[in-house]
Amino acid sequence: MDDLAELFEEHRGRLRAIACRMLGSLPEADDAVQEAWVRFSAAGTRGVRSPAAWLTTIVTRTCLNGLRARAARPERLAGVHVPDPIEARADATAPDPEQEALLADSVGLALLVVLDTLATASPQATFRPAVVNGVAGMLVLVAGRPAALSAFTVSGGRIAAIDGIADPARLAALRLDPALLG
């Protein structure tokens, strides 16, 4: 059982990211990952050639079941719901130089213009460039505390869309890179 738990923990972050992208909610993603652990620990790895693929299959099926159940009982939320980001980190901790270069090229001057404009519409706020789920983003701090997190969709060298979260409860639940805060 310890070997199964260790193997599962190796893949937990990736599984959580998959579930979050499919479900659009961190709490639901965590539930799906927990359900995947229950199924994985019961089934084991006997006859499994690729545990990573097997875990992905389990999480994906769990998410699909959740989406089917959600469709059977539609809920109406007040306002527009933006999925929670899985991660937000400082540019300096980007995973590798190639990804960092691709991100910088895709954003170009558009992000710099936005940051400069906001820094001069809001003197009490601090704006930190960030990588949000692998795309360019920005964390807004007021009095050293997260006030908003945005992710930018870039198309043709221009910002085509901005998705943001300003709800304090949702911001508090996110895993923010300490380098962004300090």
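Colleague: Which residues of H1 and H2 meet in this model?

Modeller: The model is a predicted one. On the H1 side the residues are Leu 4, Ala 5, Leu 7, Phe 8, Arg 12, Leu 15, Arg 16, Ala 19, Cys 20 and Leu 23. They meet Leu 26, Glu 28, Ala 29, Asp 30, Ala 32, Val 33, Ala 36, Trp 37, Phe 40 and Ser 41 of H2. By class, this contact has 15 nonpolar, 1 polar and 4 charged residues.

Colleague: What makes H2 oblique to H3?

Modeller: The axes of H2 and H3, residues 51-72, cross at roughly 130° and come within 9 Å. That angle again lies between the limits of 115 and 145 degrees, so H2 is oblique to H3. H2 passes H3 in a right-handed crossing.

Colleague: Which residues make the contact of H2 with H3?

Modeller: H2 gives Glu 28, Ala 32, Glu 35, Ala 36, Arg 39, Phe 40 and Ala 43. H3 gives Trp 54, Leu 55, Ile 58, Val 59, Thr 62, Cys 63, Asn 65 and Arg 70. These residues divide into 9 nonpolar, 2 polar and 4 charged.

Colleague: How many aromatic pairs does the structure hold?

Modeller: There are 3. In one of them, Phe 8 and Phe 40 lie 6.2 Å apart centre to centre, with 35° between the planes.

Colleague: Why is the pair of Phe 8 and Phe 40 called tilted?

Modeller: The centres are within the 6.5 Å needed for a pair. Stacked would need an angle under 30 degrees and edge-to-face one over 60, so 35° makes the pair tilted. Phe 8 is in helix H1 and Phe 40 in helix H2, 32 residues apart, and the pair links distant parts of the chain.

Colleague: How do you know whether Phe 8 and Phe 40 are buried or exposed?

Modeller: The limit for buried is under 20% relative accessible area. Phe 8 has 1% and Phe 40 has 0%, so both count as buried.

Colleague: What makes the pair of Trp 37 and Phe 40 stacked, tilted or edge-to-face?

Modeller: The ring centres are 6.4 Å apart and the planes stand at 50°, so this pair is tilted. Trp 37 and Phe 40 both lie in helix H2, 3 residues apart, about one turn of the helix. Trp 37 has 18% relative accessibility, under the 20% limit, and therefore counts as buried. Phe 8, Trp 37 and Phe 40 form one aromatic cluster.

Colleague: How many helices and strands are there in the protein chain?

Modeller: It has 6 helices and 5 strands, in the pattern α-α-α-β-α-β-β-β-β-α-α along the sequence. Of its 182 residues, 34% count as buried.

Definitions and conventions: Residues are numbered from 1 along each chain as its sequence is written. This is a predicted model: local features need pLDDT of at least 70, side-chain atom pairs count only at pLDDT 80 or more; totals for chains, interfaces and linings use all residues. Side-chain values use heavy atoms; hydrogens and water are left out. Contact means heavy atoms within 4.5 Å. Helices (H or I, at least four residues) and strands (E, at least two) are DSSP runs, numbered from the N terminus. Ala, Val, Leu, Ile, Met, Phe, Trp, Tyr, Cys and Pro count as nonpolar, Asp, Glu, Lys and Arg as charged, and the others, Gly among them, as polar. Rings of Phe, Tyr and Trp (its six-membered ring) pair if their centres lie within 6.5 Å; planes under 30 degrees apart count as stacked, over 60 as edge-to-face and the rest as tilted. Buried means under 20% relative accessible area, exposed over 50%, partly exposed in between (1.4 Å probe, protein chains only). Axes are lines fitted to C-alpha atoms, for helices over the stretch in contact, and angles run from 0 to 180 degrees between N-to-C directions. Angles under 35 degrees count as roughly parallel, over 145 as roughly antiparallel, 65 to 115 as roughly perpendicular and the rest as oblique. A crossing is left-handed if the near helix is turned anticlockwise from the far one by less than a right angle, and right-handed if clockwise.
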